[in-house]
Amino acid sequence: MGGFRLTFLRARAVKLMRRYEFTGDPSALHQATALLRRGTDRGSGEHRAALLGTYSQALTEEFRLTSDAALLADAVDAARASAAMTPPGYPYRAARYLALCTAARLLFEQTSDVEALEEAIDAGRQAVDASGARELPVTYNALGNTVLTQYLHTGAPDALDRAISVWREALGRTPPEHPFHASLLASFSAGLFHAYRASGDLDLLVTAEEIGREAIGALPAGGITWAMAVGNLGIVRRNFFIHTGSLPALLEAVQLGRDALRASGDRQDKFRFLTNLQIALLTLHARTNQLTLIEEAVDAGMEALDSLDIQHASWSMVASNVVLTLKEYAERGAANAALDEAMRLGEYALASVPKGHPTRIPLLGALSQVYFARFELGHDEQMIREAVRHGELAVAETPPDHPLRAGTLMLLCHVLEMQGRVLHDDEATRRTVALGREAVDLLPTGHQAMPEALSMTGAGLLNLGSTDEARQFFEKVIGLPAAMAVTRLGAYRGLAACHVQQGEPERALTFFEEALAIATVLSPRVLQRADRQFRQTFLDGLAQESAACAVLAGRPERAVELAEQFRGILQAEALQLRQDHRAARRDAPELADEVARLREREADLEYALWGDHLSVMDPKTAEAETQRLTADLADVTGRLSEVLARIRQLPAHEGYLRPLPFARLRRQASDGPVVMLYNTEWRSDALIITTDRLEVLPLPVQGRHTATMTGVKLLEAWVAAATAASSASEVQQPMREVLEWTWDNVTEPVMRHLGYPHRPTDQQPRIWWYPLGGMAHLPLHASGHHHEPGRSVLDRAVSSYATTFRALEFARREAPAAGAADTALIVAMPDTPGQPRLPHSIREAGRIAGLIPESEQLVAVDATLARVQDALPRHRIAHFACHGAFNSSDPGDSRLMLSDHETTPLTAASIEQWELPEAELAFLSACVTALTSGMLADQGIHLASAFQTAGYRQVIGTLWPVPDATALMIADSFYERLTGGGTYEPRTADAACILAASVQQLRACNPEAVSSWAAYIHLGA
């Protein structure tokens, strides 16, 4: 084929490629590639060199369109041949070496072939040397980006210096009016950002931001170069937040990430935009704990990972980010599945990268966190050891001057501190302190991570008993503006522990008071219900620790008050508003309405301060708007305080929207003692509260986690019981052991102290259990040696549980005027979509309906959420015979399964919103309706407490799954006694005593089958 034919083929192909460029029609590109391929082995000289150069460009575009890495090898071969055939001084030499530089760099990114990267850098230099003034900025930029790629994938510091030098030189030789000047600015900004990452120099980050904004302003909006510049600015702003704690910067980073992703289209390198957005969302989630953010981050990360071949040079980096995101997502739901996927992906990615690869460090760190999360979920000691092993490897592979050194040290500190504390490993604790000190020395004072580094080091010192030095670290945390509320909370907790260990409980108590002040504002109303609930996990253990500290200080009454205020915060907030606001509206309607208006305005301002709208403003405007909103919020808060003070001056309203004082709390012991229980490292006690005394009874429970681990044993036992023959002795034995341990160490000392002997059920006194922390996982009501008559709580007292004193007070509120009938709404679900059959539920419903005339039944498909909600206000009693589902990571999402549960579920969070002032009794004849979640044990969030919040004075629920036949027997016995066999109206006030008698009857039939009869509990009056 002669030179003319080759030139003709190339001209036709160039036209087709331009059509593709302007229309996006892939067929045009495919035709161009096919035409060029016909001439690749024909002709010679300049005609062939030109065709090969164009062919290389077409193949590169084909790769960007299809992600087929095989095309790149051909593109490199073609570009190499084209460049070799082009002598120095020839006009197109720069363009042909530029094509080789681009194709070889992309080939390296796809295959990690170092020789391809070296060829790309050499070709970039050749392109610069051959460039005239017009193409010089383009070739400079290609060389700079290629050398930066070398730095990012090898970590060689000199490569970063060389890349920045290339851009400085390019900008010095490119006038501002040049069309490519803005693109050079964008690339230079990215290079300066990486220089900041390497040095921690904030001035470099500020300069990167200024240059990035200048580039964006000069680039055509919506183009790919604009998208890349916007994405880079988002990365800069996220790091500005990390360095300074500026929330507007982080909000802007997320918005910039979204804008860049939208503008990126379906390019082959879309994964970069997805990953940048993912990391920004992950950072914002860590700041606000909003579930939607982590869900969006998971989606972005998975899409980025799915778009890459495993041979791609960035695959392991993207995988590392996904591993970390899945770990964070595991804390919000689907924990086992998310952690399993994170471990699988992380280990696979780690095996794919050699030692010394820059991605190994973040991968090892991410895996360390994943194993740590797995340990927290199941307390498997092997998991904490794996977490430490991966963390140690990460630290060992991170040079002392590496920008990730401080973060890697902190990750290892985190897991070592837990290993030292839980496994009593003093060497691990000493290493925690040493690494923590190094991290503190490496971080600049205002860095967002500094408070956490100080706090972890303080925790290690505290565990070693070095309380004086630990106090210094915790005090530094409190004085840092960058310390978030959760970190300050931990610091106050640490200071309190230091003073307790030093024998100064009175001083320690002041720090628990400071922690309480943070706890009351930790979950602002602006957050979604699930996000507010999640933030309560940071309060885990504070109720029992503050109570134990107050007892040590000789202030048991304050112990009860503190525990009440740390416990059941969301429920208490809802009940307080209903009780206090309703009373205020009766006596001072105008003031009550003003409180409601100001609280709504307060919530609006809080939302504005948290909202995404700040992210679309320029930084100065966003900062000014933040200051204005903060000032407005302070003004509204001040006016609200004034109105509250006026209401509190009214007779009988001095406690309006205030915590309950002890004098009011103790009134709830009018029908029997309330027994508060806790187990801490300092002491374990039962605080026995009656109307005329408060007694502290020490308990023989040793070790801070003893009650918790006994509860874990119970959980494992009922899981085994639910999957085996319920009467099998080998399955029931672990449950019996838990009941006996609880009796010996917790409830028997209380029974003995109160002087409660073995009595018939109808003569037994009432008792309300108020368990804190790990005690909340124990079946106190069923504890005992049931093979020995009289040696169980069932034989001596009628048990009820109190989530809070306020909930108990609410259950005893004055009854409203008659409206609802003393009848029952009976919901039965024999067949539930996606669930096993419950054949006995029909008999259960029929039996109850026969005992309570004029009751209303909603069965099977008729039992929809809408119909249930419509019927409930007409009846004082609600009975649900259906499946229950417990969500351990989001207990507010636990649900009763009605016929439409797959589309409109009946959740605990939705039940809490109901207001049923005439409701009396809710019997939840379903599985796991009263189980509390691990780190939310003190918040009492479950289906049974939700019905209490809705207005039911008496609620019966279950702690674990119960067989369908057992549910029928308990319900039959209960309602038979409740109605005297149908001879009188339901005596709902006796619900607790009647439940105890029904359980005793079932126990007598099969005392060995603990899992069948011990699950039922009573909450309320």
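Among contacts in the protein chain between residues at least 6 apart in sequence, what percentage join residues at least 24 apart? In this predicted model, the share is 70%. The chain contains 41 helices and 14 strands. Its radius of gyration is 34 Å, which is close to the 31 Å that the globule rule gives for 1021 residues, so the chain is as compact as a globular protein of that length. Along the principal axes, the C-alpha atoms occupy a box of roughly 110 × 65 × 60 Å. Buried residues account for 59% of the 1021 residues of the chain.

The interior was examined next. In soluble globular proteins, nonpolar side chains tend to be buried together. The largest nonpolar core in the model has 212 residues, and the members that touch the most other members are Val560, Met676, Leu687, Leu772 and Phe805. Helix H11 (residues 224-244) supplies the largest share of this core, with 10 residues. Apart from it lies another core of 95 residues, which includes Leu916, Leu959, Val999 and Ala1015.

The surroundings of Phe805 illustrate the packing in the largest core. When neighbours within four places in sequence are left aside, Phe805 is in contact with Val560, Leu665, Val674, Met676, Ile689 and Tyr770, and also with Glu564 and Gln668. Two of these partners, Val560 and Met676, are also named among the core members that touch the most others. Tyr770, a further contact of Phe805, has the charged end of Arg567 over its ring, 4.8 Å from the ring centre.

A search of the whole structure gives 14 aromatic pairs. One aromatic cluster is formed by Phe880, Trp914, Phe947 and Tyr952.

Gln571 belongs to helix H28 (residues 569-587). With a relative accessible area of 7%, which is under the 20% limit, Gln571 is buried. Leaving aside neighbours within four places in sequence, its contacts are Thr803, Thr804 and Ala807, together with Ser945, Gln948 and Thr949.

Two of the strand arrangements are described here. Strands S9, S10 and S11 form an open sheet in that order, with antiparallel pairing. Strand S9 (883-885) and strand S11 (906-907) stand at the edges with a single partner strand each, so one side of each has no neighbour in the sheet. Strand S10 (residues 895-897) is joined to S11 by 2 bridges, and these strands run antiparallel. Within this pairing, Arg895 has Thr907 of S11 as its bridge partner.

The other arrangement involves strand S13 (residues 954-958) and strand S14, which pair in the antiparallel sense over 5 bridges. Gly957 stands opposite Ile1017 in S14. In strand S14 (residues 1016-1020), 5 of the 5 residues are buried, so this strand is largely enclosed by the rest of the structure.

Backbone geometry was inspected at two loop positions. Most residues other than glycine have a negative phi, and most peptide bonds are trans. His424 has a positive phi, near 55°, and is not a glycine. His424 lies in the loop between helix H19 (405-422) and helix H20 (426-442). Its relative accessibility is 67%, over the 50% limit, so His424 counts as exposed. Leu657 likewise is not a glycine and has a positive phi, of about 55°. Leu657 is located in the loop between helix H30 (619-648) and helix H31 (662-665). At 16% relative accessibility, Leu657 counts as buried.

A further loop position is that of Arg759, between helix H33 (729-754) and strand S4 (766-771). With 28% relative accessibility, Arg759 counts as partly exposed. Its contacts, leaving aside neighbours within four places in sequence, are Gln764, Pro765 and Asp795. Arg759 and Val433 are 326 residues apart in sequence, and their C-alpha atoms are 56 Å apart in space.

Note on methods. Residues are numbered from 1 along each chain as its sequence is written. This is a predicted model: local features need pLDDT of at least 70, side-chain atom pairs count only at pLDDT 80 or more; totals for chains, interfaces and linings use all residues. Side-chain values use heavy atoms; hydrogens and water are left out. A nonpolar core is a set of buried Ala, Val, Leu, Ile, Met, Phe, Trp, Tyr and Cys residues joined through side-chain atoms within 4.5 Å. Buried means under 20% relative accessible area, exposed over 50%, partly exposed in between (1.4 Å probe, protein chains only). Helices (H or I, at least four residues) and strands (E, at least two) are DSSP runs, numbered from the N terminus. Contact means heavy atoms within 4.5 Å. Two strands pair if DSSP finds at least two bridges between them. Rings of Phe, Tyr and Trp (its six-membered ring) pair if their centres lie within 6.5 Å; planes under 30 degrees apart count as stacked, over 60 as edge-to-face and the rest as tilted. A charge sits over a ring if NZ of Lys or CZ of Arg is within 6 Å of the ring centre and within 35 degrees of the ring normal. The radius of gyration is taken over C-alpha atoms; the globule rule is 2.2 Å times the number of residues to the power 0.38.
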